[in-house]
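Here's a quick briefing to read with the model open in your viewer. It goes from the whole chain down to single residues.

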Amino acid sequence: MTDYSQTLIDLGYILASILFIVGIKMLGRPEQARRGNLLSALGMLIAIVAVLFECCLDYTWVITGLAIGSLIGLIAARTVKMTSMPQMVALLNGFGGIASFLVGWENYHSQPDSTLFVRVAVLLAVLIGGVAFSGSLVAYGKLAGKISGRPILIGGHRWLTIGILAALLICSALLIYFPPGPLLYVVFVLFMVLSLALGVFGVIPIGGADMPVVIALLNSYSGLAACAAGFIILNNVLIVAGSLVGASGLILTGIMCKAMNRSLGNVLFSGFKAASRTAATTTVQGEPKPITAEDAYYILEAARSVVFVPGYGMAVAQAQHAVRELGEILENNGAEVRYAIHPVAGRMPGHMNVLLAEANVLYEQLAEMDDVNPIMETVDVCIVIGANDVVNPAAREIESSPIYGMPVINADKARTVLILKRSMAPGFAGVDNPLFVKENSRMLFGDAKATVQQLVAQFKES
Amino acid sequence: MSIGLLIFVFVLAIFLGVELISKVPSQLHTPLMSGTNAISGITIVGALTATGSGADLLATLLGTAAIIFATINVVGGYLVTNRMLAMFKLRGKEKK
């Protein structure tokens, strides 16, 4: 391979890096986001073409791998339902992690006696990639309902995690300081198993409502794992792209944590669940006021401004299309309709936006929490659909509440609050919600989709 | 390539990433996440070069498996993101 062609390859990598940077920047702006994504895809294509000209690739395997991966990716992306998007993102993220993990393993397997720097990079790629992979799989299981979304705590969980961390440290010390050999390969395998275990035990105790934080964090990890893989093969394009993803994932994690008024440490190692159980029961007095769909119809019929507050319950009931239909009917009836979306509503960052966009809700009708709260007093009816903690006034009013201080949508300040809910069970955080018993609150019990469809039917009959 | 230079690039890229995405409207959180997720499939470059070292069959298989996973990540990630953003785009233009 001549220097000349190596320079061309490097130029390809630089071009790819630039396209990633511009692409990510555009992804943050609504009107440019789609083009940004295409630009970053173009960057990826250029990087892949460039690497194909690198020395000594085994093209049989390269083509096999690319073909199989493309086919699976294509089918998965085409067939996945929008409601399954959180678990899809989790799964894809896990695949990125395991790829970096395997790159690390392959490198250790083929060149165990590489420099100290590369060996450290291999350990980092395996550790971070492994955690991203197994953590994402657990998150996938929780989001897809294959394992319980409730926090699962095993006895002595904390000690187990600390034990795994300690064992990882010992293994990495051995792997770094001693020359490679058959015995050390065993240590390396142990290191890989422990990395995967860390991801499982790290995510399994985290509840479904905290999933937006976890998904954003795992997203960041898979980027950092790619970055570590870049240090293994000494390639700048991996380092640039990986650290961009790492940084963006961390920022998103920060946004999610802020929206819950909790620190990252609190989400990851929280005694949140346990604490909320003890504090919650005493504070809420009063009876919820259930009404029928017909009563609700009369309330809505007279309303001039309506705000929908969707939550995870809307996603579960797949009620977004029915909700959009009701929204349109209300608009035709002369009401101003908006959708107020809390940053952590649902199970991944921006979950509700994706669902409502799928149902063709207009972009202009989506309002962020900070925009809708100041005008809440002027709203006639606020319809809460399968949301709970994100509209809980206890976050403002009750200092002993575990969610005190969390920014919430002030649904209770609307003239009337209609709450669509399966039952009186508390929300995911296990915190009682005083909103349900407020003077201006009315409960509509039942499946969210069925209830909304009843309301639509009421409007159509009249 | 010198190690110092790689670390230099790493630190600068982290800072750049933080600067790029300091404020993102919430409707773009999911596409941003899945779009950047697709970018993390850049590890495919590492996977592709890994097939070249070819110490033995296991090494080749590990490299190939890495290619498959990374390709799913890349192809699936970009397509899914594009699908979502296409939905977002529809609005605004259609009505109004």
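**Chain A at a glance**

Of the 462 residues in chain A, 55% count as buried. Keep in mind that this is a predicted model. Its secondary structure comes to 18 helices and 6 strands. The radius of gyration is 25 Å, close to the 23 Å that the globule rule gives for 462 residues, so chain A is as compact as a globular protein of that length.

**Overall dimensions and contacts**

- Laid along its principal axes, the C-alpha trace of chain A spans about 80 × 50 × 35 Å.
- Take the contacts in chain A between residues at least 6 apart in sequence: 79% of them join residues at least 24 apart.

- Where domain 2 and domain 3 of chain A touch, domain 2 puts in 17 residues and domain 3 puts in 14 residues.
- On the domain 2 side of that contact, the elements giving two or more residues are H4, H8 and H9 of chain A.
- By class, that domain 2 side divides into 14 nonpolar, 3 polar and no charged residues.

**Where chain A meets chain B**

- How many residues does each chain bring to the contact? Chain A brings 100 residues and chain B brings 79 residues.
- On the chain A side, the elements that give two or more residues include helix H1 (3–27), helix H2 (33–52), helix H3 (59–79) and helix H4 (85–110).
- Helix H8 (211–232), helix H9 (236–259), H15 and strand S3 (366–368) of chain A are also among the elements giving two or more residues to that side.
- H4(A) gives the most to the side that touches chain B, with 17 residues.
- The chain A side has 63 nonpolar, 29 polar and 8 charged residues.

- Strand S2 (residues 336–341) of chain A is mostly covered, with 5 of its 6 residues buried.
- On one hand, S2(A) pairs with strand S1 (residues 305–310) of chain A in the parallel sense, over 4 bridges. If you want a pair to click on, A:Val306 has A:Val337 in S2(A) as its bridge partner.
- On the other hand, S2(A) pairs with S3(A), again in the parallel sense, over 3 bridges. Here A:Ala340 has A:Ala367 in S3(A) as its bridge partner.
- To get from S2(A) to S3(A), the chain crosses through H15(A), and this β-α-β crossover is right-handed.
- Check the backbone just after H15(A), where A:Asn360 takes a positive phi of about 65°.

- Strand S4 (residues 381–385) of chain A runs parallel to S5(A), joined to it by 5 bridges.
- S5(A) is also joined by 5 bridges to strand S6 (residues 441–445) of chain A, and these two run parallel.

- A:Leu175 lies in helix H6 (residues 157–177) of chain A.
- Why does A:Leu175 count as buried? There are 22 other C-beta atoms within 10 Å, and the cut-off for buried is 20 or more.
- Leaving out residues up to four places away in sequence, A:Leu175 touches A:Arg119, A:Leu123, A:Leu184, A:Val187, A:Phe188 and A:Phe191.
- For a sense of scale, the C-alpha atoms of A:Leu175 and A:Gln458 are separated by 70 Å, and the two residues are 283 residues apart along the chain.

Conventions:
Residues numbered from 1 in each chain as written. Chains lettered and ligands numbered in written order. Predicted model: local features only at pLDDT ≥ 70, side-chain atom pairs only at ≥ 80, totals over all residues. Rg over C-alpha atoms; globule rule 2.2 N^0.38 Å. Buried ≥ 20, exposed ≤ 12 C-beta atoms within 10 Å, placed from the backbone. Contact = placed C-beta atoms within 7 Å. Nonpolar A, V, L, I, M, F, W, Y, C, P; charged D, E, K, R; others polar. Pairing = 2+ DSSP bridges. Right-handed = clockwise from strand over helix to strand, strands pointing away.
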